[in-house]
Every structure is written in C-alpha cells, then in structure tokens.
Amino acid sequence: ELVRVFTQATLNDDSMMDSSALYLLAFVEDVVAPAGPGDLETVRYGCCILDSGCGEFSVGSFVDDKHRTIFETLLEQKKPREILVIGAETANGAPSKQSWQLIENLATSVKVDVVRRTPVQFIAIDKLNSVVESQGYFGKALPKEEHWPQELRKLKDRGDNLALRSFGACLQYLQDVKVDKQILPLKKVFSLAIPGSIRHQQPAGSSSASEEYKNETLILDGQT
C-alpha cells in the first residue's frame, strides 16, 4: 500500500530537509482582453503558496500589469520548488506566454518541478466544501463554517474564486501525495502578502506602515 509520496516541495520530515523553506505554488491566471482601442488587458492571478515545513498556506488574488511584475516578484521571493499549473496548454484559463517565461527564468536559478493538469483534475470550487467536510480536515462541522480557518471564510465571503481555485489545487495535490491529513488540520491558512501593495486601511492600534510594507518590494527592470 502506498502511504506517502515524497516531492521537492512537500517534504515535512526534519531528517530530509535543509534549513531553507521549500515552497509549493499553485496559481490561476485570468486575462481579460482589452474592451476597445486604447484599453489595456486586465491580468489577475489567484495564488496559493504552501510552506510544507510548517504547514502554512498563503492564499489570495491580485491584479497585475502586462509585464506580470507582481507575479515575477513572488516567484523571485519564494523560489518555489514545485509549481502547480491549472489549465491545459491550449485551453481557456491556461497560463499566458509571459507567465511561462517567468517560470522558465526561475528554473535557470533553482530546480523547479512543474505539474500541469487540466482544471477537472483539481478540486473545483463547488466541490471544495464537500471535500473538506467529508475528510474532517478542520474538525467537527459548525454553523456558517466557523470551524474553517478565518482566511478561507473571508475568501468565500468575498467570492474570490481565483484564490479558492488555487487553494483547491493545492489541496488535491496534497491528497495525491498523501500528506493532506498531516497539514490541513493545522488550520494555518493566511492572507497572501502582495508585493508592492497595501491590502487594506489600517485600523487604530494596528501595526505601523513600515510593518505593512515589510517584504513588499517589487522587482524593477527596464520594462517597469
């Protein structure tokens, strides 16, 4: 019986890990063509990043520019060892040529395994609830999903489908390598820190602006 599959980004055994974090990235890209002359295309990403060493997910979505500056910065900051690509090469929802180029650029400096699957091979949004509840990842079911991690509840309340799709992809992959029941019950799901952006207005008594900008630098090049 197969009880565990070891991959680059899902190692959580101290005896097999070095001191550096190993990240798994799942992403969805949505590109809306310009509506008319003079308009720019709209690029949105949904991303889920897992640090399997501590079982911590960072999930969210963001609007990027045509050069994919924010996405490039995330890749350079995290240097994921595995990337889950949602979408067949020629199907709608497939990553753009720009995204593929950034992944190829990353692969020149670090070994990256790319796992490409069609959307039906990952957990769909309308199946996410039933999968989570049937497996009991977050404990006994409570009204209004109060047993779910707060960040996931926020994403569902906002209808952030791109972020939820990326989380569903991560969850499916963890099931495939048989570490889902080790990681999901930890409930470590947090908001993705978007490089170079302020995510919300700070309430009174919150952390300083410098903390809000912490680790949120952008890569600037000749195109930006």
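In this predicted model, helix α1 passes helix α2 in a right-handed crossing. Helix α1 covers residues 69-78 and helix α2 covers residues 97-107. Their axes lie 10 Å apart and pack at an angle of about 20°. That makes α1 roughly parallel to α2, because angles under 35 degrees fall in that class. From α1, the contact takes Phe71, Glu72 and Leu75. From α2 come Ser99, Leu102, Ile103 and Leu106. By class, the contact of α1 with α2 holds five nonpolar residues, one polar and one charged.

On the α3 side, the contact residues are Ile125, Leu128, Val131, Val132 and Gln135. They meet Asn161, Leu164, Arg165, Phe167, Gly168, Leu171 and Gln175 in α5. The contact of α3 with α5 has seven nonpolar, four polar and one charged residues.

| Helix pair | Axes | Angle | Handedness |
|---|---|---|---|
| α1 and α2 | 10 Å apart | about 20° | right-handed |

Aromatic rings come next. A search of the whole structure finds six aromatic pairs. One of them joins Phe27 and Tyr45. Their ring centres are 6.2 Å apart, with 50° between the planes, and the pair is tilted. Phe27 lies in strand β1 (residues 23-32) and Tyr45 in strand β2 (residues 42-51), so the pair ties together parts that are 18 residues apart in sequence. Phe27 and Tyr45 are both buried.

Phe57 and Phe167 also pair. Their ring centres sit 5.4 Å apart with the planes at 65°, so the pair is edge-to-face. This pair links distant parts of the chain, 110 residues apart. Phe57 belongs to strand β3 (residues 56-64), and Phe167 to helix α5. Phe57 and Phe167 are both buried. Phe167 is also one of the α5 residues that meet α3.

Phe27, Tyr45, Phe62 and Phe71 form one aromatic cluster. Phe71, another member of the cluster, is among the α1 residues in contact with α2.

Methods:
Residues are numbered from 1 along each chain as its sequence is written. This is a predicted model: local features need pLDDT of at least 70, side-chain atom pairs count only at pLDDT 80 or more; totals for chains, interfaces and linings use all residues. Side-chain values use heavy atoms; hydrogens and water are left out. Contact means heavy atoms within 4.5 Å. Helices (H or I, at least four residues) and strands (E, at least two) are DSSP runs, numbered from the N terminus. Ala, Val, Leu, Ile, Met, Phe, Trp, Tyr, Cys and Pro count as nonpolar, Asp, Glu, Lys and Arg as charged, and the others, Gly among them, as polar. Rings of Phe, Tyr and Trp (its six-membered ring) pair if their centres lie within 6.5 Å; planes under 30 degrees apart count as stacked, over 60 as edge-to-face and the rest as tilted. Buried means under 20% relative accessible area, exposed over 50%, partly exposed in between (1.4 Å probe, protein chains only). Axes are lines fitted to C-alpha atoms, for helices over the stretch in contact, and angles run from 0 to 180 degrees between N-to-C directions. Angles under 35 degrees count as roughly parallel, over 145 as roughly antiparallel, 65 to 115 as roughly perpendicular and the rest as oblique. A crossing is left-handed if the near helix is turned anticlockwise from the far one by less than a right angle, and right-handed if clockwise.
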